[in-house]
Amino acid sequence: VQLQASGGGLVQAGGSLRLSCAASTSILSFTVMSWYRQAPGKERDLVARVVRGGATNYADSVKDRFSISRDNAKNTVYLQMNSLKPEDTAVYYCSARKSLFDYWGQGTQVTVSS
């Protein structure tokens, strides 16, 4: 299984970005797909996740600003990020769980300037 994250970049505060995570296999085979982020010197934290049934969860810090979605036909999960803040600056990783094993993508850098 390979996960390819893309879509990061430099954006001004208040701007938007959409991250993509393309899987090498059907995303329906995963029980959960998630986005995490890790800022310099900090732990990797959960940002958002979507379970196979479609339910979603978000970190409190991104609720009402970020939205996770998936396109089963394209085997891709997205993270739409709106109203970005400088504190959203981090490397964003996508993750997929299958049979209690977590697969990870390579990460994409998001930098929000003030």
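A charge sits over a ring if NZ of Lys or CZ of Arg is within 6 Å of the ring centre and within 35 degrees of the ring normal. In this predicted model, local features need pLDDT of at least 70 and side-chain atom pairs count only at pLDDT 80 or more, while totals for chains, interfaces and linings use all residues. Residues are numbered from 1 along each chain as its sequence is written, and side-chain values use heavy atoms, with hydrogens and water left out.

**Rings and charges**

Arginine 44 lies over the face of tryptophan 104, at 4.8 Å from the ring centre. Arginine 44 also lies over the face of tyrosine 93, at 3.7 Å from the ring centre.

A pair of aromatic rings is described by the distance of the centres and the angle of the planes. Rings of Phe, Tyr and Trp (its six-membered ring) pair if their centres lie within 6.5 Å; planes under 30 degrees apart count as stacked, over 60 as edge-to-face and the rest as tilted. By this criterion the structure holds three aromatic pairs. One of them joins phenylalanine 101 and tyrosine 103 edge-to-face, with 4.8 Å centre to centre and 70 degrees between the planes. Ring pairs link Phe30, Phe101 and Tyr103 into a cluster.

Buried means under 20% relative accessible area, exposed over 50%, and partly exposed in between (1.4 Å probe, protein chains only). Phenylalanine 101 is partly exposed, at a relative accessible area of 47%. Tyrosine 103 is partly exposed too, at 22%.

Helices (H or I, at least four residues) and strands (E, at least two) are DSSP runs, numbered from the N terminus. Two strands pair if DSSP finds at least two bridges between them. Strand 1 pairs with strand 3 (residues 17-23) in the antiparallel sense, over four bridges. Cysteine 21 in strand 3 is the bridge partner of alanine 5.

**Pockets and cavity**

On a 1 Å grid over the protein atoms alone, a cavity is a set of points where a 1.4 Å probe fits but cannot get out, and a pocket is an open set with protein on both sides within 12 Å along at least five of seven lines; lining residues have an atom within 4 Å of a point. Grid points are joined across faces, edges and corners, and a volume is the space filled by probe spheres set on the points.

| Space | Volume |
|---|---|
| Largest pocket | about 190 Å³ |
| Second largest pocket | about 150 Å³ |
| Largest cavity | about 50 Å³ |

The largest pocket is lined by 14 residues, of which Arg37, Ala39, Lys42, Asp45 and Glu87 lie nearest its centre. Strand 4 (32-38) and strand 5 (44-51) are the elements that give two or more residues to this lining. Strand 5 gives the most, with three residues.

The lining of the second largest pocket includes Val32, Tyr36, Arg49, Asp102 and Trp104. Here the elements that give two or more residues are strand 4, strand 9 (90-98) and strand 10 (101-104).

The structure holds one cavity of 30 Å³ or more. Among the residues that line the largest cavity are Ile27, Phe30, Val32, Arg52 and Arg70. Strand 4 and strand 5 are the elements that give two or more residues to the lining of this cavity.
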